[in-house]
Amino acid sequence: MRRVPAVSEKNKQPSIWHGFKAFLMRGNVVDLAVAVVIGAAFTNIVNSVVKGVINPVVGAIGTKNLDSYSSCLEAPCKVAADGTVTSGVPILWGTVLGSALNFVITAAVVYFLMVLPMAKYLARVEARRKAKEGTHEVVEVTELEVLKEIRDAMVAQRGPGSAGR
């Protein structure tokens with residue numbers, strides 16, 4: 001088996017393979033890969049909630065498909081059956097509005113169902129931790145005060161002349 005040196009003999013710099021290997025072994029690259037995979041799975045959950053719950057509710061109030069709404073910049077606008085424009089310049093503002101509405105709905109689902117509850121949970125955990133630390137400090141301060149009182153009482157029992165013994 002032939003050994004490939006990590007450092008080039010000519011210019012004493014790390015080889016490309018060695019640099020690439022070091023890049024892949026960094027912790028943040030692995031963390032990023034995990035985040036992408038989890039993000040993809042999370043996207044499916046959010047899209048399912050939006051398509052299965054939120055969009056039907058919005059569709060019950062208004063229209064289900066905004067793609068058919070458009071205006072014509074240069075009249076007359078004619079569109080063939082396959083969707084290609086034969087004359088005029090149509091502006092498909094319904095598609096833009098639908099995409100914007102879908103974004104707002106998705107953002108609201110993510111915020112109200114995931115971000116807000118997680119923020120409240122983390123705030124409660126932090127409050128418990130701080131309360132626990134505060135209680136622990138009070139106990140330590142109280143013990144110190146008790147020890148000082150014991151010391152003062154012992155000094156008082158010995159009398160004023162016995163402080164040097």
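Is V96 buried or exposed in this model? V96 is exposed, because its relative accessible area is 58%, where exposed stands for over 50%, buried for under 20% and partly exposed for the range in between, calculated with a 1.4 Å probe and protein chains only.

Before I go on, a word on provenance. This is a predicted model, in which local features need pLDDT of at least 70 and side-chain atom pairs count only at pLDDT 80 or more, while totals for chains, interfaces and linings use all residues. Residues are numbered from 1 along each chain as its sequence is written, and side-chain values rest on heavy atoms, with hydrogens and water left out.

Let me turn to the chain as a whole. Its secondary structure consists of three helices and four strands, and from the N terminus on these elements follow the order α-α-β-β-β-β-α; helices are DSSP runs of H or I with at least four residues, strands are runs of E with at least two, and both are numbered from the N terminus. Of the 165 residues, 6% count as buried. The chain exposes about 13900 Å², of which carbon and sulfur atoms supply 66%, the areas coming from the Shrake-Rupley method with a 1.4 Å probe and, for residues, with only the protein chains shown as cover. If we take the contacts (heavy atoms within 4.5 Å) between residues at least 6 apart in sequence, 40% of them join residues at least 24 apart.

Back to V96, which lies in helix α3, residues 93-158. The C-alpha atom of V96 is separated by 8.7 Å from that of L66, although the two residues are 30 apart along the chain.

Next, the surface. Y69, L73, V89, I91, W93 and L97 make up a nonpolar patch with about 550 Å² of accessible area together. Patches are built from residues with over 30% relative accessible area and no salt bridge, with nonpolar side chains (Val, Leu, Ile, Met, Phe, Trp, Tyr) joined within 5 Å and like charges within 9 Å; a salt bridge here is a side-chain nitrogen of Lys or Arg within 4 Å of a carboxyl oxygen of Asp or Glu.

What does a search of the whole structure find in the way of disulfides? It finds one, taking a disulfide as a pair of cysteine sulfur atoms within 2.5 Å. The bond joins C72 to C77, with 1.8 Å from S to S, and the link of C72 and C77 is right-handed, with 90 degrees about the S-S bond. Both cysteines are partly exposed, C72 at 34% relative accessible area and C77 at 29%.

Finally, the aromatic rings. The count comes to two aromatic pairs. The rings of W17 and F20 have centres 6.1 Å apart and planes at 40 degrees, so this pair is tilted; the rule pairs rings of Phe, Tyr and Trp (its six-membered ring) with centres within 6.5 Å, and calls planes under 30 degrees apart stacked, over 60 edge-to-face and the rest tilted. W17 and F20 are separated by about one helical turn, because they are three residues apart in helix α1, residues 16-25. W17 is exposed at 63% relative accessibility, whereas F20 is partly exposed at 41%. The rings of Y111 and F112, with centres 5.1 Å apart and planes at 80 degrees, form an edge-to-face pair.
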